[in-house]
Amino acid sequence: MLYTTGIMKPFMKKYLWRLTVGMTGYVLGVFACIYFYFHNKHSPHRYWLILLPVIPLLYAVSAIIRCVSDMDEMQRKIQIEAMAFSGLATGFTCFSYLFVRNMGAPEFHAQWAYYMMWAYYGIGLFFSWRRYK
Amino acid sequence: MKNRLRELRAAKEWSQSDLADKLDVSRQTVNAIETEKYDPSLPLAFKVARLFKSKIEDIFELDKE
């Protein structure tokens with residue numbers, strides 16, 4: 001009943017709810033972070049402000065992990081393979097950049113790693129899904 | 001790993017979706033098991049065996065090589 005009916009699976013409902021809470025916390029954290037930064041620009045503790053949006057993001061990550069662990073075993077395998085590919089490929093790409101940087105490659109912006117991670121996740125998901133299709 | 005899942009399902013006149021419902025997995029999982037692209041976990045194999053009132057080894061068989 002859980003997987004083949006058109007109704008959203010119960011664990012997905014929980015996941016969406018938790019993700020919404022996490023992302024709302026993240027947005028509030030970003031606003032709080034900006035507010036505190038501009039009101040305490042010279043505080044030596046200003047770098048701790050980064051924790052304000054990061055803590056709700058950790059909750060969102062735990063929601064994603066719970067969602068994956070509640071999935072059907074094959075779907076879970078596909079997701080885990082895609083995530084493993086994404087993590088390793090992003091790590092190795094970033095590491096490889098260190099070599100090309102010395103050869104005059106353009107500066108690598110930290111946010112690129114995030115976009116790259118999602119791109120690799122999509123590639124991994126496609127190939128993993130195709131394997132079991 | 002070889003299996004007789006498709007044959008057993010057909011004997012009961014169940015669709016892949018029916019079997020997926022009974023096993024609490026997705027239809028894609030049932031399809032992947034039937035086409036031998038995915039080997040089920042031990043708990044799922046037990047579930048399948050229990051559903052068809054058979055032994056695991058009567059449904060699933062390791063490849064010879």
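Guide: Helices here are DSSP runs (H or I, at least four residues), numbered from the N terminus. This is a predicted model, where local features need pLDDT of at least 70 and side-chain atom pairs count only at pLDDT 80 or more, while totals for chains, interfaces and linings use all residues. Residues are numbered from 1 along each chain as its sequence is written, chains are lettered from A, and side-chain values use heavy atoms, with hydrogens and water left out.
Visitor: Which helix gives the largest share of the lining of the largest pocket?
Guide: That is α2(A), with 9 residues, although α1 (10-39), α2 (51-70), α3 (73-101) and α4 (110-131) of chain A each supply at least two. A pocket is an open set of points on a 1 Å grid over the protein atoms alone, where a 1.4 Å probe fits, with protein on both sides within 12 Å along at least five of seven lines; lining residues have an atom within 4 Å of a point.
Visitor: What lies nearest the centre of the largest pocket?
Guide: A:Val61, A:Ile64, A:Met83, A:Met117 and A:Trp118 do, out of 24 lining residues.
Visitor: New topic: at what angle do α3(A) and α4(A) cross?
Guide: Their axes, lines fitted to C-alpha atoms over the stretch in contact, with angles running from 0 to 180 degrees between N-to-C directions, come within 7 Å and cross at roughly 140 degrees. That makes α3(A) oblique to α4(A), because angles under 35 degrees count as roughly parallel, over 145 as roughly antiparallel, 65 to 115 as roughly perpendicular and the rest as oblique.
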